[in-house]
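The following explanation is intended to be read beside the sequence and the model. Please keep both in view while working through the paragraphs.

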Amino acid sequence: MSSKTVMNVMLAFYMAIFFGFLFGPLIVMGISSFNTSTYPQVYPIEGLTLTWFEKLLNDRDMVYGMKNSLWIGMWVVLLSVPLGLAAAMMMSQIYSKARSFYYVIVVSPVLTPGVIIGISTVVFWRDLTTATNSKFLYDGVFLAVLGQSSFISAYCMLMFMSRLNRFDRAQEEAGLDLGASQTQVFFHILLPFLRPAIFSSAVLAFLSSFENYNTTTFAILADKTLTTVLAGRVRQGTTPAISALAVLIIAVTIVGAIIYELVKRREDRERQARLDAAHAAELRELESIEKATLHA
Amino acid sequence: MTAAVEIDHLTVQFGLFTAVKDVSLQIRQGEFFSFLGPSGCGKTTILRAISGFQEPTQGTIRIGGQDMNGIGPNQRPTALIFQNLALFPLMTVAENIGYGLRVRGVPKAERDRKVGELLNLIALSDQGNKKIEELSGGQKQRVAIARALAVEPKVLLLDEPLSALDLKLRQHMRNELRAIQRRVGITFIYITHDQGEALTMSDRIAVMNRGKIEQIGNGRDVYEHPQTSFVASFVGENNGFSGTITKVSGDQAEIETSVGRLTGLNKKSLAVGAKATLFVRPELMRFGAQGENNLAGSAADAAYEGMTTHLTMKAPDGSSVVATLTGAPAREFPSEGSAVSFAFSTSDAIILPA
Amino acid sequence: MLSSTGHPFIFLLPVLAFVIFWVMAKFEPKPVGVTKKSFFERNGTPVAIYLIVAVAFWALFMIVLPQLFMVEMSFRPKLPPVEMGGPKDLYTFENYHYFIYGSTTSSDAINWVHIKAFFLTILASLLVALFNFALCYPLAYYMAQAARPARVRFLLLLLIAPYWVNEILRAFAFRIIFSSGGLINKMLLGAGFVDQPIDFIGNDIALYAGLGYAYMLMMIFSLYNAIETLDHAQIEAARDLGAPWWHIHSFIVIPFAKPGIASGCTLVFMLSAGSLAAPLVLGGPRSLWFTPILYDRFFQAFNWPQGAAYAFILLLACVSFVLLVLRLGRLSLGEIAK
C-alpha cells in the first residue's frame, strides 16, 4: 500500500471519529426526543411519539423565557450594532499612541469570562442606580441587554472594521467634491456600503444574545430567559422535553440556513448577470469604434 | 479677463519631501490645460491642491478671482474626475449623475430634468436606471464626466482618466473629451504622463519635472521649441548630444560632442564654454544624403512600424542615433554592422542647457 | 482601614486617562505640511457626537467602570444594605482571606475545597485546550491546505451546525449519554466490561468530556484561519527537498500558525475556566469546578463581595494566562484577537 493510500485511509478514519464525536451526542439527543420512555434514552426505543414536543409548548415558563429572550435579543441588536460601528470608525481616527490602549479596552470583553461580565454589570448598576435614585433602571432585562452588549458590540466592531478596510476612500472624496457635507457622505455613501456588515453583525448579535447563558444568568436578576429556564429544568431533572427543544432549535436553524443560502444564490446570479451585461457592452463599444474608424 | 485659475507661488511639502516647488501660472477661462510629466513630478499634488484635498504649504490658489485658502473641497467651484472614477457602485447611473444636485437640495423634478439632459449629452439616454456594474469602461467614463458637469463647476479637473482603458478606446475617448469640452465651454485641467494625449487634446501644456514647471506652451511650442533639455527629451523622441559650446555666431552655435562638432540653433544664447546638449528630432534626421552636420557610424537596427521606420545607428562613442522615415522601405537600410551616415541641418537642431 | 468612599474616585480614573492622552496629542510635534483636520470637521458634527457618545458609553459604562466597581466591591465586607456606606464599611482583604483560609478571621485551616477547585479548574482547562488542539489540528490543516474549496465549504457548514444548538443542550446531550442508564453504560454492560454502571457524572469524567467537546469550534476556526494564510508553495518546496511530514508540521506549519494556535488555546482555556453551563449540567454533587462555586457565592451564600473577590481571582487567572501565552509565543494582542 502506498503511503498516499495509507494517509487517505487514516484521514478518513480520523474524520469519522471526529464527526462521530461532534454529532454523536446530538443524534442521541434527537432520537431520545421521540422515544416514549420518560427518561431520555436512545436504546432501547420503547416507542415513537410526539408527546414531548407537546409538553414543551405547554411549558409556560419555557414560553415566557423564549419571549423574553427574543425581546432582549432585539434590544441587544439595536444597541450593539451602532456601538460596534462607532467603535470601528473611531479605531482609525484615534490618536495613534492611544490606539493600542483603546484596542485592548474594546476587545477585552471578548476575552473576559461571561460570568465576570454579568457580575460586574450587576454590581456597577446596583451601585449607580442607588446613588442616583434611579432604581427603576435596576431591572433584569435592562442589565441583561447591557451585559450581553458589552462583548457583542466587540464582535460587531470587528466585523465593521474588516468591512471598513475595504472602503474606497476615493468615493468619500468624490462625494465631498460634488458638494456633499461630511454628514451627507456618511449617510449616502458610507452606510450603504456597510449594509452587508450591518446585516451580518445584526444576525450575529441576535444569535449570540439568544443563546447566551453565563452573562445572562447573573444579569437577569429575578427574571428569566429561555437559557436560564432551560438550565433550571436540566438541574431539576431530565426529561425528553428538553431534547425536543433541541430538535426544534436545530430545525429552525436549518430552515434559516436554507433560506439564507437561497437568497445569497439569487444575489450572486443577479450580480453575474450585471457583469455579463457590462462585458457585452464593452464588446459592442469596441465594435462601434472600429466601424467609426473604418468610415472616417 | 480674470483667469479661471491662478496659481501663485504654490509650494507643497510632505515632511522633508517637497512635491511642488514654487509653481506660478494662470489658466484661462474655457481652456483645455494639461499638466504633463513623469510620475512623481507633482502634477497630482497640484490637482488635489486646486480641488481642495491638499492644503498648500505656501502660496495661493485663486479660482475665478477668489482666494481658495481655507475653503474645503465641498465648497469649491471645482469638480474632480478621479483616476479610478470613484463612481458610487450602489447607485444607478441617474443617481450618480444627480448626486451633486441632490446634496444641494435641488427638487426632484428639476433634478430629473437636468440628469436627463446630461444623459443625452453623453449618449446614454436610456441607461439611467442601470447599475454602474453593468456599464462598459467607456460608458463609466462618460457617467463620471456627466456627474461632474451636473454641478456646473467653473473648472473640471481630470486625473489621468484614460490610463485604465485599452488603446483604441483611449484614442476614441480623447476625441470625445475634447468634443465635450468644446461643447460645454468649461475650463478643463487635465493631468497625464502620456504626451500623445497631452498634445492632441490640450490648448496649452505645462511640462513638469520634480515639482517644477519646465515649460508652458501649446503643443507646437512644447514639441518644436522646447526650452529645457527635460522637455526636449520627455516630449516625443529626440536625439541628444551632450558637450561644450565652442563657438557662437548669431543665433547659431557650435558644440563639441563625443561624436564630433555639431552646429545648431542657439535660441537660449548660451556662451562659449557652457555645458549644453544638442537635440535633433529623429524625423528631421536624414539618411542617405549629406548635410550641414554629418554623423558616421554602423547600422544597428531597422524597426518597421508600418507608417514609419526607425533606423538606429551606432555612433563611434557607443551611443545610438535614431532617424525616423515615413514611407521609406526598410530594405534600403544596409545590413547590421556596415557603415552608414546620417545628416541634419543646423536649423533643425536646438541647443539647450545641459 | 480606609473607608470605602471609592466610588467618585473610580469615576476619576478614566477621566484622568483620557486627559493624559488628550494632552499628549496636543503636544505632539506635527510634521510640516500635513493638514490635521479636527475630529469634528472630519466627520461632520452629528456623526462626531454619535461617535464620541457611543464609544464613551460603551468603554466607560459597559466595560471599564463595571470592572472597577466589581474589583472595588471585592475589598468590601459583607453588610446588610442598611449598613452599607456606614461606619462598618471599611476596605478589607477579608474576602480573599476567606478564599485561602476558609474564614474571614482565623488562619487556622486552609480552604482546601475552594483552592483545590481553583487549581483543578485551571489545570483541567489547560488540558482541555491542549486536547482540543491535538484533536482539531489535523482537520484544520486538511481544510486549510489540502481540501478542495467546495469541500471546505461543506465541512465548514458541518462544523458550525452543532454549535447552533445551545451549550446547555449540548451539555445535556452528554448527560444523556453518560448517565447510569445512558448509552455508554449500556454498551459497557452489554459487552461485559463492567458489572455495574460507572458513575461518570460523579467522578467528573462526563464533565471533562463535555468540556472537551464544547469549544472545539473555536479551536478549529482559529487554527483554520491561521493555517489558511500559509502559502502552500512553502510546504511543497519543503516536500520537494525531502522533508518528512512530521518535520514539515513541526518546523513550518506550526511556527507559522503560532498566532492562531495561541488564540485558539487562549479562547478554549478561558471558555472552559469560565464555563458555567457544563459544570452545572454535567457536574456531580461533589464536583470541583471554580465557576459554580463562584455562582454559589452569589446565589446560595448571598455574599456579593465574596463573589466579587472570587470573580476577580478568576479574572486574574485568565489575564495571567493570556499574558503568559503572549510572552511565550512572542506575540502581540492584535495578532490573536480574531
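The paragraphs below treat the conventions, the nonpolar cores, the domains, the chain interface and the strands.

This is a predicted model, in which local features need pLDDT of at least 70 and side-chain atom pairs count only at pLDDT 80 or more, while totals for chains, interfaces and linings use all residues. Residues are numbered from 1 along each chain as its sequence is written, chains are lettered from A and ligands numbered from 1 in the order in which they are written, and side-chain values use heavy atoms, with hydrogens and water left out.

A nonpolar core is here a set of buried Ala, Val, Leu, Ile, Met, Phe, Trp, Tyr and Cys residues joined through side-chain atoms within 4.5 Å; buried means under 20% relative accessible area, exposed over 50%, and partly exposed in between, with a 1.4 Å probe and protein chains only. The largest such core comprises 254 residues, and Phe18(A), Phe35(B), Ile97(B) and Leu139(C) have the most contacts inside it. Its greatest contributor is helix H5 of chain C (residues 112-146), with 16 residues. Helices (H or I, at least four residues) and strands (E, at least two) are DSSP runs, numbered from the N terminus. Contact means heavy atoms within 4.5 Å. Beyond its neighbours within four places in sequence, Ile97(B) is in contact with residues including Val115(B), Leu118(B), Val143(B) and Arg147(B). A second, separate core has 25 residues, among them Phe241(B), Leu262(B), Met313(B) and Ala349(B).

Chain C is assigned domain 1 (4-74) and domain 2 (112-336), with bounds that come from an automatic or database domain assignment. The C-alpha centres of these two domains of chain C lie 36 Å apart. Five residues of domain 1 are in contact with seven residues of domain 2. Buried area is the accessible area (1.4 Å probe) that two parts lose on being put together, summed over both. For the two domains of chain C this is about 520 Å², 84% of it on carbon and sulfur atoms. On the domain 1 side, Met70(C), Met73(C) and Ser74(C) lose the most area, together 77% of what that side buries.

Chain C also meets chain A, with 88 residues of chain C in contact with 88 residues of chain A. These chains bury about 8,000 Å² between them, 79% of it on carbon and sulfur atoms. In chain C, Trp58(C), Trp164(C) and Phe172(C) lose the most area to chain A, together 9% of what that side buries. A salt bridge requires a side-chain nitrogen of Lys or Arg within 4 Å of a carboxyl oxygen of Asp or Glu. The rule finds one across the interface of chain C and chain A. Glu172(A) and Arg42(C) form a salt bridge through their side chains, at 3.8 Å from N to O.

The strands of chain B complete the picture; two strands pair if DSSP finds at least two bridges between them. Strand E11 (residues 239-249) of chain B pairs antiparallel with strand E14 (residues 275-280) over six bridges, and E11(B) also pairs antiparallel with strand E12 (residues 252-257) over six bridges. Gly243(B) has Ala276(B) as its bridge partner in E14(B) and stands opposite Thr257(B) in E12(B). E11(B) and E12(B) form a hairpin with two residues between them, and Gly250(B) in the turn has a positive phi of about 65°.
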